[in-house]
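Dear colleague,

Please find the sequence and the structure below.

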Amino acid sequence: MNRKGTSVSASPSFHLGDNPVNAYQARIYAQESSPSSVAVILELTENARDNATEVTLTLDVDSSTYKDGTHVLVPKRLICEDNGTGLTHSEFLNSFCGAFSDSDVHRDVDRAGRNGVGTKTYTSIADRVIVLTTTGRPSEGLDEHSTQLSSTLPKGLELPKDGDADSVWRAYEFRLHSRSALPPLWTKASPMEMGTRVELVDIREGTEISFEMLLERLSYAREWLQNSAHTFVLQLSGSVPQGLSGSRRINLRPWAPPVKNWLVEAKGRSDQNLPIFDPTSKESEVVAASSRLSEAVEFDFRVVGRNNEGQMQNLDKPALLLEVCGALPYAPNLEGVQSARTLPLLTFLGLEHASSIGAFCNAVCGYARVNSLGLKNALRNNKTTLASGPGTAEVEALREYLHSVFRVLHRAWYNATRSSQDEAAKDALREAEVEVNLALKGVNRNPFKSGDITRGIPKDKTHPVPPPARRHRWECGECERRWLADATFVPAVCAQSSPISGIDEGCGSSNIGLAKNQPRVGDCRIRIEQLGDAKIPASFQFEREDIDLDVPVVRVNLASPRYIELRGSGSMSGQAQKRLKQYLVDVALVAIAEYNAETRGTSFSQELGDLYYNRMLRFVGIKEYESQLSKLLENTTPAVEQTELIGPPRGAVNSCVANLLKCPRPIFLGTRDSPRQ
Ligand SMILES: [Zn+2]
């Protein structure tokens with residue numbers, strides 16, 4: 001159907017009375033009285049799709065701007081043509097202009113269409129709507145107006161009688177409150193010709209259309225577009241912007257999920273059991289088939305997981321479509337922002353309050369579709385909701401079923417999010433433990449081999465618990481008894497553990513010696529816990545794991561601001577993991593140095609220096625260290641170093657640091673940038 005554009009301005013018209021008003025529709029229209037221009041165009045095209053196989057939408061562009069990555073068009077005219085069954089004279093007057101919700105068209109399950117309030121929304125962006133139509137069916141309703149119409153019809157055009165084949169292309173003007181015929185524009189049609197052309201003219205000022213958004217929204221009509229008999233053409237005319245010159249005529253494709261490695265997928269029908277596999281927990285959950293839905297829901301939902309760097313991904317254009325009889329009650333991109341594309345459906349499912357739903361919104365996409373008259377009847381309010389009222393049970397059944405699917409998808413996504421964060425944090429912890437252990441133990445497998453640990457009684461409670469006394473295990477050659485004694489004490493007889501203990505527990509034999517397996521100090525462990533004071537970053541002490549094993553334990557404060565800042569709440573990047581590791585090393589070594597200084601009565605700086613020195617020796621070895629040191633000292637002098645690092649000497653603190661700089665230990669050098677990192 002290729003009708004020429006009509007020149008309507010000067011045509012005499014014949015008034016056909018006020019549009020019929022239905023109280024319910026009027027109320028709904030009042031609620032929806034300022035729909036977006038995109039919503040109006042969708043309405044226009046959905047009505048055109050109703051029973052057509054070809055739809056052509058033409059945007060006649062007046063001017064355009066380019067902002068935020070989209071072309072914003074100001075239209076001069078909007079024309080929507082379809083090859084559907086057309087409207088008889090009566091249908092135009094009553095259905096098109098009257099929008100009766102109980103008309104047959106709107107009760108047909110195969111036809112998308114809405115409840116009919118839609119045509120009125122045309123007038124929210126255009127003062128006048130010119131409708132051109134003919135049907136392949138018998139003429140209907142023309143007899144009533146034939147006398148008045150005949151006088152202004154083009155010469156030689158005959159009006160069919162009601163019941164005869166419809167043989168005219170009829171032109172009408174539709175406005176908010178009234179309609180009229182435009183007889184001078186009526187032309188001959190072949191009896192089997194049919195179709196409708198709706199042209200929005202006198203576009204209201206301020207009407208703008210985001211081309212890219214319109215294109216995307218139109219592509220959501222998946223069910224209609226996927227039918228191989230259907231074609232939808234979007235074309236631009238007039239002042240087409242440069243950037244869209246290649247898009248003057250687009251054959252629309254149905255929306256499809258992007259190509260991704262999906263974390264989890266739910267694809268199937270509501271009348272069959274649906275297994276959903278969670279790759280994180282490695283478990284499969286079966287969503288039971290629903291017996292409450294009168295028609296099966298067909299669906300394909302997918303959730304995206306981590307990328308190759310291990311980070312949770314977002315989709316660029318997530319979309320969740322619920323197609324009820326080809327209509328979309330929950331528009332997927334109302335705001336043009338990511339989460340707005342999927343939130344409406346998730347809200348319908350009652351998931352909007354789930355924690356973390358914001359991020360989930362941008363990781364999920366897919367569609368569900370159902371052709372059910374019950375649901376269609378429940379589709380009210382200009383298709384923005386599945387309202388309660390007639391069909392409530394059906395709506396509830398749909399909500400319940402889809403919720404049971406999304407519950408599993410959301411959990412799988414949540415598990416993946418958590419696991420990726422926990423794994424990154426665990427890796428950071430493991431790496432930090434290795435370094436802290438190197439620093440703590442230095443060159444010794446047993447840091448207390450030198451015997452510098454003595455049992456002491458703390459003078460007051462502010463002192464940390466002293467390190468465990470080094471103990472030796474002794475064995476009796478006579479009775480095979482084994483016992484532990486302080487390393488500084490050498491027993492003389494069986495079972496003697498201190499100078500004052502007698503022989504009452506032993507056999508009295510002096511045939512004793514050191515046992516083979518001695519108590520040992522385990523590797524340092526870092527535990528993330530909530531310490532009492534959020535300002536304490538970490539604490540350190542030895543803990544006896546069993547009689548033979550003492551474990552150095554650093555407790556890093558989970559509630560410390562820095563820990564929380566580094567750990568963050570979302571998924572953890574490789575960079576964040578490195579920073580967290582370094583933080584764990586730093587606070588652990590400070591805590592150990594503090595502990596050592598207090599229990600040994602030494603200086604904190606020296607203990608910290610020792611720890612970093614140990615760590616560096618274990619990382620790069622003494623030769624590398626010495627060569628680095630001599631290179632450094634060749635090029636500089638302690639005084640220059642000091643000035644460069646901390647400025648000119650200023651009192652006691654600086655002279656203390658200067659002393660540290662003279663000592664051949666890398667106090668602060670090489671901690672963050674040691675060669676292996
Ligand atoms: Zn003995």
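This is a predicted model: local features need pLDDT of at least 70, side-chain atom pairs count only at pLDDT 80 or more; totals for chains, interfaces and linings use all residues.

Two residues are said to be in contact if their C-beta atoms, placed from the backbone, lie within 7 Å.

Helix H13 covers residues 574–600 and helix H14 covers residues 604–635. Which residues bring H13 and H14 together? From H13 come Leu589, Val590, Ile592, Ala593, Glu594, Asn596 and Ala597. They meet Phe604, Glu607, Leu608, Leu611 and Tyr612 of H14.

The axes of H13 and H14 lie 8 Å apart, and the two helices pack at an angle of about 130°. The crossing of H13 past H14 is right-handed.

Strand pairing

In general, the strands of a sheet pair through backbone hydrogen bonds, and the pairing may be parallel or antiparallel. Both kinds can be found in this model, as strand E10 shows.

Strand E2 (residues 54–67) runs parallel to strand E10 (residues 231–238), and 8 bridges join them. In this pair, leucine 59 has leucine 236 of E10 as its bridge partner. E10 also pairs with strand E11 (residues 249–251), this time in the antiparallel sense and over 3 bridges. Here glutamine 235 stands opposite arginine 249 of E11.

An open sheet

Elsewhere, 3 strands form an open sheet with antiparallel pairing, in the order E21-E20-E22. Which strands lie at the edges? They are strand E21 (482–486) and strand E22 (512–514), each of which pairs on one side only. On average, neighbouring strands of this sheet are turned by 35° against each other, direction ignored.

Strand E20 (residues 471–476) is joined to E22 by 3 bridges, and the two run antiparallel. Within this pairing, glutamate 475 has glycine 513 of E22 as its bridge partner.

The chain as a whole

The protein chain contains 16 helices and 26 strands. Of its 677 residues, 39% count as buried. Among contacts between residues at least 6 apart in sequence, 68% join residues at least 24 apart.

Yours sincerely

Definitions and conventions
Residues are numbered from 1 along each chain as its sequence is written. Two strands pair if DSSP finds at least two bridges between them. Helices (H or I, at least four residues) and strands (E, at least two) are DSSP runs, numbered from the N terminus. Axes are lines fitted to C-alpha atoms, for helices over the stretch in contact, and angles run from 0 to 180 degrees between N-to-C directions. A residue is buried if 20 or more other C-beta atoms lie within 10 Å of its own, exposed if 12 or fewer, and partly exposed in between; C-beta atoms are placed from the backbone. A crossing is left-handed if the near helix is turned anticlockwise from the far one by less than a right angle, and right-handed if clockwise.
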